[in-house]
Amino acid sequence: MNIHIVLLSGGSGSRLWPKSRSKYPKQFLDIEDNGFSMLENTLKRIKKINYSSLSLICNEDHKFFAQDQINNFDKDASIIIEPEGRNTAPAIAISALLTLDDPILLVLPVDHIIRNEEVFYKMVKESSELAEKGYLISFGINTTSAHTGYGYIKKGSKRSIGYDICEFVEKPEYDKANEYHSSDEYFWNSGMFLFQSSSYLNELKKYRNDIYDVCKQSVENLDIDNNFIKINKESFLKCPSDSIDYAVMEKTSKGVVIPLEIIWSDIGSWESLWKISKKDENMNVISGNVITHDTKNSYISSEDQLVAAVGIDNLIISVTDNAIMISDKSKSEDLKEIIDLLSEKELEHLNFHRKVHRPWGNYDSIDSDDGFQVKRITVSPKQKLSVQMHHHRSEHWVVVSGTAIVHYGDKKIELNVNESTYHDKEVVHALENPGDEPLILIEVQIGEYLGEDDIVRYEDIYGRAE
């Protein structure tokens, strides 16, 4: 059976702030504390499905994180770059248009947790036979509570397998969610789908020809760089935004919802993460550098600083390198109000941790004041920063681990541990790690302006040059 898996990785994970940031969201993080990111756990899960090919669709900011993690599982996977998010209907259409031989598409968000995986595999296999007959399948989850963070699918007439789809409902208020849960007429909408590529495109063309036409134009002039596929930006930005639920699945007469008897969560909030995580004898989920006394029913996470919790109940505490979030567990969905405030105030805490990840490694801003900034820079083995210069700052570099090659024009300087170099503003330079171990250096920036936008790139192996 020819199955092509489409992984959707477009979310920013804002409801798990401050652990998840828009520039480094939850799908690339070890949310489950099992040593793997959510994307990697998804890739591990689908290894047991006999698929023929794989593509992942994400935005420009996340493509290198996706490539770094996906290459450990499938080096032939394609990474499709969206110029701007337009919801799931166009994303799946682009993926379908780029497939060969009309495969069955298994569409999976990368930020889900699934238990009872054998049931999931079994239902994918059984549903594939229905997909080959032209049906479009949405997987529903039996509700276990009145959850306001999930969308719902109302089931229609029963079929030999699954049900006709009556309607999709966006995330409801609690009273309505409770009504849905009590009625036994609704499933949670898992966001997972299965259908033949041509079946989806035909139905999209039938009901949302405007989306279909733009997507078709967007794949006519592709920019392909190794496994990266960049669709035509000018065309795609004209595309209307709509979900597959409303653009196709609710309208088509070929839609079927099939229930999955699994433990499932899309980890859309801190409370949902607490519910699905392993708890201690006091119903606490503890992660990182945390000690407690007389504490229960809470989720407490600290990446570095020691957190001591005494006499608390039903709280979420998340401590990162540059932010602390405390919430009543039952109010964790209201974190969106904080996200709106961060956006309104244009605070960088919305987008970045103190440690900022780059395709070549990362940097950690460890100190700053007027006129200076100190960073710890880690360059991964065999990687190189762009050939660049700065208008407003000079930089001092001291190697503390590994070996560096510093480029000044045609000149190369090799630096070993406890050796340093300096370059003034407007000096063109580059930094490279030639070794097999990470290069770590301390950078001291001095200047009247130290923003990250004071970088003029002339050459870059990651395609960021101006």
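Which residue forms a salt bridge with Glu32? The legends below start with that pair.

**Before you look.** This is a predicted model, in which local features need pLDDT of at least 70 and side-chain atom pairs count only at pLDDT 80 or more, while totals for chains, interfaces and linings use all residues. Residues are numbered from 1 along each chain as its sequence is written, and side-chain values use heavy atoms, with hydrogens and water left out.

**View 1. Glu32 pairs up with Arg115.** Their closest N and O atoms sit 3.1 Å apart, and that makes a salt bridge (a side-chain nitrogen of Lys or Arg within 4 Å of a carboxyl oxygen of Asp or Glu). Glu32 is in the loop between strand E1 (3-8) and helix H1 (38-46), and Arg115 is in the loop between strand E5 (113-114) and helix H4 (117-131), so the pair ties together parts 83 residues apart in sequence. Helices (H or I, at least four residues) and strands (E, at least two) are DSSP runs, numbered from the N terminus. Arg115 is partly exposed, at 32% relative accessible area. For that scale, buried means under 20%, exposed means over 50%, and partly exposed is in between (1.4 Å probe, protein chains only).

View 2. In general, an α-helix has 3.6 residues a turn, so residues three or four places apart point the same way. Glu179 is partly exposed at 45%, and Lys176 is partly exposed too, at 36%.

**View 3. Now for a buried pair, Arg208 and Asp242.** This salt bridge has its closest N and O atoms 2.8 Å apart. Arg208 sits in the loop between helix H6 (197-207) and helix H7 (209-218), while Asp242 sits in the loop between helix H8 (233-236) and helix H9 (244-249), so we have distant parts of the chain linked, 34 residues apart.

**View 4. Glu60, Lys63 and Lys230 join in a network of salt bridges.** Across the model, the salt bridge count comes to 20.

**View 5. Look along helix H4 to find its buried residues.** Among them are Phe120, Tyr121, Met123 and Val124.
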